[in-house]
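This briefing covers one protein chain, topic by topic. Please keep the sequence and the 3D view open while reading.

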Amino acid sequence: MAFLVQSLWIVAVLLANHVAVSASRVAHSVSALPEVVANDNRLPAGKLEKGVLKVSLAVQMARWHPEAPDGPFADVAAWSEEGHEPQIPGPLIRVPAGTVVEATIRNGLADSTLWVHGMATRPETGDSVAIVPGASRTVRFAAGRPGTYMYFADAGKIDYANHEREQLAAAFVIDPPGWRLNDRIFVINIWGDAVGKEYRNALAINGKSWPYTERITATTGDTMSWRIINASTRGHPMHLHGFYFRVEAMGSYLADTAFRRADRRLAVTQQMAERSTMLVRWSPSRAGNWLFHCHVAFHVVSAAARLDPPAGDGHSHGDDPREHMAGLVMGITVNQRAGSAALSPSPTQSVNRLRLFADERPRTGRTPLSMSYVLQRDRSEPRSDSTEPPGAVIVLHRGEPTEITIVNRAHDATSVHWHGLELLSFNDGVAGWSGAAGRLAPMIAPRDSFTAHLALPRAGTFIYHTHLNDMEQLTSGMYGALVVLEPGERFDPATDHVFVTGWDGDSPHLMINGDSTAAPLKVAFGHRHRFRFVNIGAADKIVVAIRRDTIPAQWQPLAKDGADLPKNQRAARSAIFLLDVGETFDAEFNAPARGEYVLTIGLKRTPMAYTRRLIVK
């Protein structure tokens, strides 16, 4: 189902403050259906003998508890290996290159033809196999090219405008010769139903929704190799806290592309299109608790991502910060390697100390409150009702020890996540999770404060934003850009231009640098201008572009997520870039001639919403 339709259902539910209490809240209701088992994708299905994998699969109705075992449930069609429990995601098919797959598939549904996709040699053309109710069919094919893929099924004709049925999907991995099986496979599955004004959905990673998703454990210095499979029809910008990962391959259920070593870019957030895959590697260097999650707010907050959301308007988390998150979130605990020294916080005699105030004031417009983080610029504290959505651009320098004290003068608790920074876990800004057992980062309560120690090992463009009560705070302005320069470098607004895109309210009304319109930007001819773009809206990709008349100008891409791009990705090209939520992008623009250009920033799926004239003189 298209993301727009689904997100509008969710927005309608949030704004209407109307959440149904479904029958699934009765945890111990009588059912003859078998229970779904969450599949951690560690054990492949079938039997491999003499180069042939024989596997028997079935689809049947089952009861799925994506959260607690006695929590809300949905009765869904689910895959199983014959003789075993139904699973979400479905049974893992994993074979070495050169294998022939012989799969027998039984349709155990009473009233729906099963359309099976992905049971073919890779790369494939997308053909499907139809199996009528009660029937079985055997398919035999060479596995094909190594990569990360999936197979999935549609049970009957699905109205994707009102339903999602991506729980009927599973991983299909073909290993290259000599591949060591030390990786992990994580599959995103979504089930959803629209009934009147309600939209119930279950968003899961390997069959479970936060806080019931698997906890990943690692040790400093480990090499983490992850295959991520987005089996849903929604897009997901997947974000890792505290560390960069290297993108080694990307693909779909049809084909996969492994990047050459020189083309593997670093990222902290990577957009995943519907039914796409990726292979990433990363190495934790700092102990503590971290997160890996989708950065679309509607996919990770309780009001939108739980099967039966809590009553209320989705804006309150109470006293338990863990109630803020749900859905597509995984927790990672990194332990210190024995015999290695743990990193220490920045020294208390830090050269650079800043104060950042969480402020609010009444507002007439799309949000009840104007909220933002306000930087203290001199000896006087800003007024308590001063807001500057977005927050001021914080400019720091690589390697400079920095402390930022956040003082909360808003009505509710907050927290600040330093998105993209490689720092110690306790400072990461996820209340109730960041840190380690016995010392977890607190919520910053009203009239209280918290001091974050920032490590700044690289120069680049980053984000600071709330990581608590997102649907109120994030869409009211509590975010900003953080620019880290090389030592001795000076930030010059005449040649360094920052554009921060957020939402004004729960619907996608874009605000760029706190406004939807702007005066012309005059830039000097013959100078290199750095454009830094940040997308920290609640959802949706944006397109940024510079044109002259209707023709795209040229720019030189420099960095993504604060990390320099590989050399061959920094060649001059058309000045158009697609930026997902939680991503930053830097490019250098050197106008070839004086005159008027146009900068546009807008949603991918709608006409451009923001236009600013660039006058090159």
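**Aromatic residues, strands and cores**

Phe-531 is buried, with a relative accessible area of 1%; buried stands for under 20% relative accessible area, exposed for over 50%, and partly exposed for what lies in between (1.4 Å probe, protein chains only). The model is a predicted one, in which local features need pLDDT of at least 70, side-chain atom pairs count only at pLDDT 80 or more, and totals for chains, interfaces and linings use all residues. Residues are numbered from 1 along each chain as its sequence is written, and side-chain values use heavy atoms, with hydrogens and water left out.

**Aromatic pairs**

- Phe-533 is also buried, at a relative accessible area of 1%.
- There are 21 aromatic pairs; rings of Phe, Tyr and Trp (its six-membered ring) pair if their centres lie within 6.5 Å, and planes under 30 degrees apart count as stacked, over 60 as edge-to-face and the rest as tilted.
- One of them is the edge-to-face pair of Trp-210 and Trp-433, at 5.7 Å centre to centre and 85° between the planes.
- Trp-210 lies in the loop between strand S15 (198-205) and strand S16 (215-219), and Trp-433 in the loop between strand S30 (416-419) and strand S31 (435-436), so the pair ties together parts that are 223 residues apart in sequence. Helices (H or I, at least four residues) and strands (E, at least two) are DSSP runs, numbered from the N terminus.
- Both Trp-210 and Trp-433 are buried.
- The Phe-531 and Phe-533 rings have centres 6.2 Å apart and planes at 20°, so this pair is stacked.
- One aromatic cluster is formed by Phe-499, Phe-531, Phe-533, Trp-555, Phe-577, Phe-585, Phe-589 and Tyr-597.

**Charges over rings**

- Arg-63 has its charged end over the ring of Phe-73, 3.8 Å from the ring centre; the rule requires NZ of Lys or CZ of Arg within 6 Å of the ring centre and within 35 degrees of the ring normal.
- Arg-439 has its charged end over the ring of Phe-426, 3.7 Å from the ring centre.

**Nonpolar cores**

- The largest nonpolar core has 71 residues, of which Trp-226, Ile-332, Phe-499, Phe-533, Ile-546 and Ile-601 touch the most other members. A nonpolar core is a set of buried Ala, Val, Leu, Ile, Met, Phe, Trp, Tyr and Cys residues joined through side-chain atoms within 4.5 Å.
- Another core, of 32 residues, lies apart from the largest one and has Tyr-244, Leu-369, Leu-396 and Ala-441 among its members.
- Not counting residues up to four places away in sequence, the contacts of Ile-332 (heavy atoms within 4.5 Å) include Trp-226, Leu-240, Trp-282 and Trp-433.

**Strand pairing**

- Strands of a sheet pair through backbone hydrogen bonds, either parallel or antiparallel.
- An open sheet is made of four strands in the order S27-S26-S29-S33, with mixed pairing; two strands pair if DSSP finds at least two bridges between them.
- At the edges of this sheet are strand S27 (369-375) and strand S33 (449-454), each of which pairs on one side only.
- Strand S29 (residues 402-408) pairs with S33 in the antiparallel sense over six bridges, and Ile-406 has Phe-450 as its bridge partner in S33.
- Strand S18 (residues 236-240) has five of its five residues buried. His-236, Met-238 and Leu-240 point one way from S18, while Pro-237 and His-239 point the other way.
- S18 runs antiparallel to strand S22 (residues 269-272), joined by four bridges, and antiparallel to strand S24 (residues 288-294), joined by three bridges.
- Met-238 stands opposite Gln-270 in S22 and opposite Cys-294 in S24.

**Backbone and loops**

- The peptide bond between Ile-88 and Pro-89 is cis, with omega about -10°; Pro-89 lies in the loop between strand S5 (86-88) and strand S6 (93-96).
- Arg-275 is not a glycine, yet has a positive phi near 50°; Arg-275 is buried, with a relative accessible area of 15%.
- Asp-540, also not a glycine, has a positive phi of about 85° and is buried at a relative accessible area of 7%.
- Arg-322 is exposed, with a relative accessible area of 52%, and lies in the loop between helix H2 (302-305) and strand S25 (329-335).
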